[in-house]
Amino acid sequence: MRKKLLWLSIILGICLMAGFAQAGGPNVAVVLVDVQADFTTAHKGSLAVADSDQPYLDKVTQATKELRKKGLQVFATQDWHPKDHMSFAANHQGKKPFQAIKLADGRTQVLWPTHCVQNSSGSAIVIETSLIDQVVQKGKDPSYDSYSGFKDDGGKVTELKDLLKKQGVETIIVYGIATDYCVRATVVDGLTAGFKVVVVQDLCRGVAPDTSKKAWQEMEQKGALIWESLDPEKVKGL
Ligand code: VGL
Ligand code: ZN
């Protein structure tokens, strides 16, 4: 009798696990990168990237809805800078946006138009916030930039990795803005942290074509799976 019960519970356990795997399971999550007003033409952002109009945002919304329907949790990164942030050209005398400078430690920093200032309208996430389970803010330290959702250029980590690991997430599906900066850095750090990473190409937008092309090559070469577009059916197979 005991033995029968044991077998029954083992079989039930296996069925439950198979069920989760079938659904894409809770071990797959979405990481939506910096879908914020300042990066979009739809909201006349200060650092709007090409082709980031309302139809693009609608496509991101639709994809995110479908993935939520499959039971995936949605984590969103949010660029969240203080006014005196070192990446703003306005904070460097005589420098212009998109110019690169050498920092004291030898690294190169691209200077940007003032963008995603904490609590400004430009910093707002511009898809329905009801689609997002958790927001992870980054770039809060005035002395360091932070393209990656996982850590800043000074090496200080955000809560993203711990949040994902705590939920048992093993695979992340990444998309958003900008391909050549924050998407690229988040994908690379995600791979380093041991996640399987899928990046959805037509849900990403870049700052410039040449750096975006390089970013796609680098992400693929480092082990990310590049999907041209989102096929929710393929999520089952992850
Ligand atoms: C980003 C430049 C500056 C991004 C953020 O989200 O890719 N790019 N800050
Ligand atoms: Zn920024």
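Q: Thr61 first: buried or exposed?
A: Thr61 counts as buried because its relative accessibility is 12%. Buried means under 20% relative accessible area, exposed over 50%, partly exposed in between (1.4 Å probe, protein chains only). One caution: this is a predicted model, where local features need pLDDT of at least 70, side-chain atom pairs count only at pLDDT 80 or more, and totals for chains, interfaces and linings use all residues. Side-chain values use heavy atoms, without hydrogens and water, residues are numbered from 1 along each chain as its sequence is written, and chains are lettered from A and ligands numbered from 1 in written order.

Q: Where does Thr61 sit?
A: In helix α2, residues 54-69. Helices (H or I, at least four residues) and strands (E, at least two) are DSSP runs, numbered from the N terminus.

Q: And what is Thr61 in contact with, leaving aside neighbours within four places in sequence?
A: Ile127, Glu128 and Leu131. Contact means heavy atoms within 4.5 Å.

Q: Switching to the metal. Which protein donors does the zinc ion have?
A: Asp79 through OD, plus His81 and His115, each through NE2. They lie 2.0 to 2.2 Å from the zinc ion, ligand 2. Donors are N, O and S atoms within 2.8 Å of the metal (3.2 Å for Na, K and Ca); water is not among the atoms, so sites may look incomplete.

Q: How are those donors spaced along the chain?
A: The spacing is D-x1-H-x33-H. His81 is in the loop between β2 (73-79) and β3 (100-102). His115 is in the loop between β4 (108-110) and β5 (134-138). These two are 34 residues apart, so the pair links distant parts of the chain.

Q: Are the two histidines buried or exposed?
A: Both His81 and His115 are buried.

Q: What surrounds ligand 1?
A: The residues within 4 Å (heavy atoms) include Asp34, Asp79, Trp112, His115, Tyr147 and Cys182.

Q: Last one: how many helices and strands in the protein chain?
A: 6 helices and 8 strands.
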